[in-house]
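Look at the two chains and follow them in the order given below. The text goes from the place where the chains meet to single residues, and then to one chain as a whole.

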Number of protein chains: 2
Amino acid sequence: MNFKIRCAAKEDCKDISRMIMDLAIYEKMPDQVKISHEELECDGFCQNPFFECLVAEVPEEHKSNEGFTVIGYALYFYTYSTWKGRAVYLEDLYVMSEFRGNGIGTALLSKVAEIGKKKQCVRLQLSVLNWNTPSRDFYAAKGAQDLTVTEGWHAIRFDGQNLDNLANEAPKD
Amino acid sequence: MNFKIRCAAKEDCKDISRMIMDLAIYEKMPDQVKISHEELECDGFCQNPFFECLVAEVPEEHKSNEGFTVIGYALYFYTYSTWKGRAVYLEDLYVMSEFRGNGIGTALLSKVAEIGKKKQCVRLQLSVLNWNTPSRDFYAAKGAQDLTVTEGWHAIRFDGQNLDNLANEAPKD
């Protein structure tokens with residue numbers, strides 16, 4: 001299938017926002033999505049953006065059943081390992097179901113790897129859900145290591161009231 | 001104990017580098033540390049830094065047995081959730097063993113939470129090792145959620161040859 005991977009523009013945020021919801025539905029947590037396309041525009045296309053994004057686009061003649069031509073995205077940002085240095089973190093990788101099996105997911109993923117390498121990143125990291133064996137198998141087949149299994153890393157989060165409480169404990173300057 | 005939390009300066013990178021190694025020894029992976037203080041200076045104190053860092057400092061009269069006054073650090077950066085928005089990620093939190101039990105770790109952690117809140121971050125995330133129950137208990141006591149346990153998130157990594165292979169698969173523009 002003919003498709004193109006390109007950097008997302010501000011104008012793509014409505015499409016990205018639509019696919020963020022699609023992905024959350026797939027991950028069985030659609031009620032968790034609180035982000036609007038206006039917030040994506042602000043956070044991703046400001047002077048010091050919080051993320052970068054690639055989109056996959058098909059020509060008009062291959063548009064989706066619902067009429068979309070932007071049919072996949074990869075949203076990522078840069079992180080840092082105090083052991084190894086620069087890294088890139090892939091927050092979301094998504095291709096609309098009717099376009100899967102055409103190498104679009106691999107193209108998005110490998111493009112993020114290439115962009116990371118150009119920035120001297122030595123790692124590409126991401127998170128997957130335990131039950132999501134198609135994704136876990138996809139990454140494993142490409143050589144990724146599951147650090148939760150091999151090294152026992154757990155993801156820990158503060159949010160809501162717990163985060164507020166913590167911030168309120170901060171020593172005053 | 002009298003101590004001060006302040007933003008790290010470029011000149012602190014030697015101290016930070018020393019404590020990065022201390023922490024890796026505690027985490028039983030000292031051979032994993034490949035980062036020099038020169039790289040920290042470059043990656044953290046350039047125009048678009050890959051991380052920010054706080055240090056904890058004690059007065060000269062309370063210096064460590066080996067003569068150090070910079071005795072703890074918290075290294076963090078900003079990430080992004082496509083469900084919730086801006087987030088802060090705490091890569092490392094460390095206090096030298098002889099200074100523990102004085103609230104310095106909590107002060108560093110809560111300061112990062114406060115800085116994150118000021119940037120409209122709605123989450124503070126971090127990773128801990130499965131066997132590291134003192135740390136897991138420390139964060140749980142402060143209200144953090146273990147996402148690996150509650151939601152089944154796994155950390156996945158590409159690096160070395162696997163990352164190179166992936167990058168080489170990227171579609172050419």
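**Where the chains meet**

Across the interface of chain B and chain A, 42 residue pairs are in polar contact, with both residues at pLDDT 80 or more. A polar contact is a pair of N or O atoms within 3.5 Å; within protein, one must be able to donate a hydrogen and the other to accept it, and residues adjacent in sequence count only if both atoms are side-chain atoms. On the side of chain B that touches chain A, helix 3 (residues 104-118) of chain B gives the most, with eight residues. Helices (H or I, at least four residues) and strands (E, at least two) are DSSP runs, numbered from the N terminus. The residues of that side of chain B divide into 37 nonpolar, 18 polar and 23 charged. Here Ala, Val, Leu, Ile, Met, Phe, Trp, Tyr, Cys and Pro count as nonpolar, Asp, Glu, Lys and Arg as charged, and the others, Gly among them, as polar.

This is a predicted model, in which local features need pLDDT of at least 70 and side-chain atom pairs count only at pLDDT 80 or more, while totals for chains, interfaces and linings use all residues. Residues are numbered from 1 along each chain as its sequence is written, chains are lettered from A and ligands numbered from 1 in the order in which they are written, and side-chain values use heavy atoms, with hydrogens and water left out.

How many residues of chain B are in contact with chain A? In chain B, 78 residues are in contact with 78 residues of chain A, where contact means heavy atoms within 4.5 Å. The area buried between the two chains is about 7700 Å², and carbon and sulfur atoms give 58% of that area. Buried area is the accessible area (1.4 Å probe) that two parts lose on being put together, summed over both. In chain B, the residues that lose the most area to chain A are B:Tyr80, B:Trp83 and B:Arg157, together 13% of what that side buries.

Strand 6 (residues 145-146) of chain A pairs with strand 7 (residues 153-159) of chain B in the antiparallel sense, over two bridges. Two strands pair if DSSP finds at least two bridges between them. Within this region, A:Asp146 stands opposite B:Ile156 in strand 7 of chain B.

**Charged pairs**

A salt bridge is a side-chain nitrogen of Lys or Arg within 4 Å of a carboxyl oxygen of Asp or Glu. By this rule there are 18 salt bridges over all chains, and the count between chain B and chain A is six. B:Asp164 forms a salt bridge with A:Lys117, with the closest N and O atoms 2.2 Å apart.

Another salt bridge joins the side chains of A:Glu114 and B:Lys172 (3.2 Å, N to O). A:Glu114 lies in helix 3 of chain A and B:Lys172 in the segment after helix 6 (160-168) of chain B, so the pair joins two chains. Buried means under 20% relative accessible area, exposed over 50%, and partly exposed in between (1.4 Å probe, protein chains only). Leaving aside neighbours within four places in sequence, A:Glu114 is in contact with B:Ala167, B:Ala170 and B:Lys172.

A further salt bridge is found between the side chains of B:Arg136 and B:Asp146 (3.3 Å, N to O). B:Arg136 lies in helix 4 (residues 133-141) of chain B and B:Asp146 in strand 6 (residues 145-146) of chain B, so the pair ties together parts that are ten residues apart in sequence. B:Arg136 counts as partly exposed, at 21% relative accessibility, and B:Asp146 counts as buried, at 14%.

**A residue of helix 3, and chain A as a whole**

A:Ala107 is placed in helix 3 of chain A. This residue is buried, with a relative accessible area of 7%. Not counting residues up to four places away in sequence, A:Ala107 touches A:Phe3, A:Ile5 and B:Pro171.

Chain A has six helices and seven strands. From the N terminus on, its elements run β-α-α-β-β-β-α-β-α-β-α-β-α. Of the 173 residues in chain A, 54% are buried. Its C-alpha atoms fill a box of roughly 60 × 35 × 35 Å, taken along the principal axes.
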